[in-house]
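Biologist: Please take a close look at the aromatic rings of this model. Which rings pair, and how are the paired residues placed?

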Amino acid sequence: MKNGGGRTSRIRRRKLFTSSESRGVNESYKPEFIELKKWLKDRKFEDTNLIPACFPGTGRGLMSKTSLREGQMIISLPESCLLTTDTVLRSYLGAYIAKWQPPPSPVLALCAFLVSEKHAGDRSPWKPYLEVLPKAYTCPVCLEPEVVNLLPKPLKAKAREQRTHVQEFVSSSRDFFSSLQPLFSEAVESIFSYSALLWAWCTVNTRAVYWKRAPRQCFSAEPDTCALAPFLDLLNHSPDAQVKAAFNEETRCYEIRTAVSCGKHKEVLICYGPHDNHRLLLEYGFVSIRNPHACVYVSKDILVKYLPSTDKRMNQKISILEDHDFIENLTFGWDGPSWRLLTALKLLCLEAEEFVERIVTHAAVRRSALELLARESGSNARYSANLRTCWKKVLIGEIISNTNEKTSLDIAQKICHYFIKESKAVLQKISHMKDEEVALINQLTLVETLWTEELKILQASAETLTSLQTAFT
């Protein structure tokens, strides 16, 4: 989990959508769901709209029992069913959390509770919920190192950051877990193992809904925004879904209301947010097919690789892009190269005379050039203003010259073909590994899906670029 815009923007924003997939297979007869239904009923929740089912493509999810009208309430889950930090504080862990210094984070409290309740087995009042939770996850932190090495470079870097974060989360919490020893007959080291805590962390990170709680002294300053929602968290993702969802302070229920109608016996889907496939895999452990938000990221190193090595002003150009936050989030998408990518390339492809003429106000340009141009214009201030206007024209992607436009598109096409070649090579490698590493086939298939989607995006971008290039031939 990242700080700042991390968890709040990550946690599932509830939206609804009806699937075009074939009808799912009812799973409500399975023992774990029968027990979960009884458990939920004891806590004053009995759903009449949805039942557990298994669907092609998305796996286990929720199916509509009847047609759902636009604006209809489909789930109203009482607070008594939610697992929050309040749940933890009311439990046997509460006294230990209250006295621990420095105060543990809300996420640590939830993870400690999940692990200890899972360890309790049949004695846990939360067993019916724990039984339907995934036994393992497919976030990058859970993947084998050789599989992580197959990820696209930007995602690979984030995957390693995620692994480091979880390792630090576990190691920094060891003393707190040791303080819980009086609660257990077994050694806490064996109960709160790395694998157990990894499972708990992934459970919170991938399945929690957003419900902000007021800060409390017994917890660290980290926002308390996570609530685990049994049954509701069976809903799968679609990037096209639409709903209204939030915790209702009056009814004390977490409510989801439809924004569109839904046919009988269709899978009900929600949207976790407008995330690309890198974000979905990193945070939730899956890839969305034909995701409209999916893209392929272009790093600074790749940009420079396809630009003339003789350009003496390249460092200045890169510095300008960095200063104006134009070196990150450069992408290829389904509709071609992003505006940010093309604009960055236009700046990087400026000829020497164009660069001096238009970017002279940047601090990196030599003072002598400024003085010369100022003398020609007759006024430092007046010329600075004119040049600043020119920079704005570059920034908004205005055509500087046909030569600059064509060169930018040509380099974008070269970068695109580089990525296409890379994607095909990795897909071939994955295919060979699937034959040799049978135990890793599920993880390899997941990464294979990611690369397949990226290849489709790049091929679509290459076609778009070819069309754009014809205007300059």
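Modeller: A residue is called buried when its relative accessible area is under 20%, exposed when it is over 50%, and partly exposed in between. The model is a predicted one. Searching the whole structure gives 17 aromatic pairs. One of them joins Tyr 272 and Tyr 284, whose rings are 4.7 Å apart centre to centre with 55° between the planes, a tilted arrangement. Because Tyr 272 belongs to the loop between strand 11 (267-270) and helix 12 (277-284), while Tyr 284 belongs to helix 12, this pair ties together parts that are 12 residues apart in sequence. Both Tyr 272 and Tyr 284 are buried.

A further pair, Phe 326 with Trp 339, is edge-to-face, at 5.6 Å centre to centre and 70° between the planes. Phe 326 lies in the loop between helix 14 (314-323) and strand 13 (331-333), and Trp 339 in helix 15 (residues 339-348); the pair thus links distant parts of the chain, 13 residues apart. Phe 326 has 7% relative accessibility and therefore counts as buried. Trp 339, by contrast, has 46% relative accessibility, so this residue counts as partly exposed.

Aromatic residues also occur together as a group: one aromatic cluster is formed by Trp 39, Tyr 92, Phe 113, Trp 126 and Tyr 129.

Over the ring of Trp 211 sits the charged end of Arg 213, 3.8 Å from the ring centre. The ring of Tyr 297 has the charged end of Lys 158 over it, 5.9 Å from its centre.

Key
Residues numbered from 1 in each chain as written. Predicted model: local features only at pLDDT ≥ 70, side-chain atom pairs only at ≥ 80, totals over all residues. Heavy atoms only, no water. Phe/Tyr/Trp six-rings, centres within 6.5 Å; stacked < 30°, edge-to-face > 60°. Helix = DSSP H or I, 4+ residues; strand = E, 2+ residues; numbered from the N terminus. Buried < 20%, exposed > 50% of the residue type's maximum accessible area, 1.4 Å probe, protein only. Lys NZ or Arg CZ within 6 Å of the ring centre and 35° of its normal.
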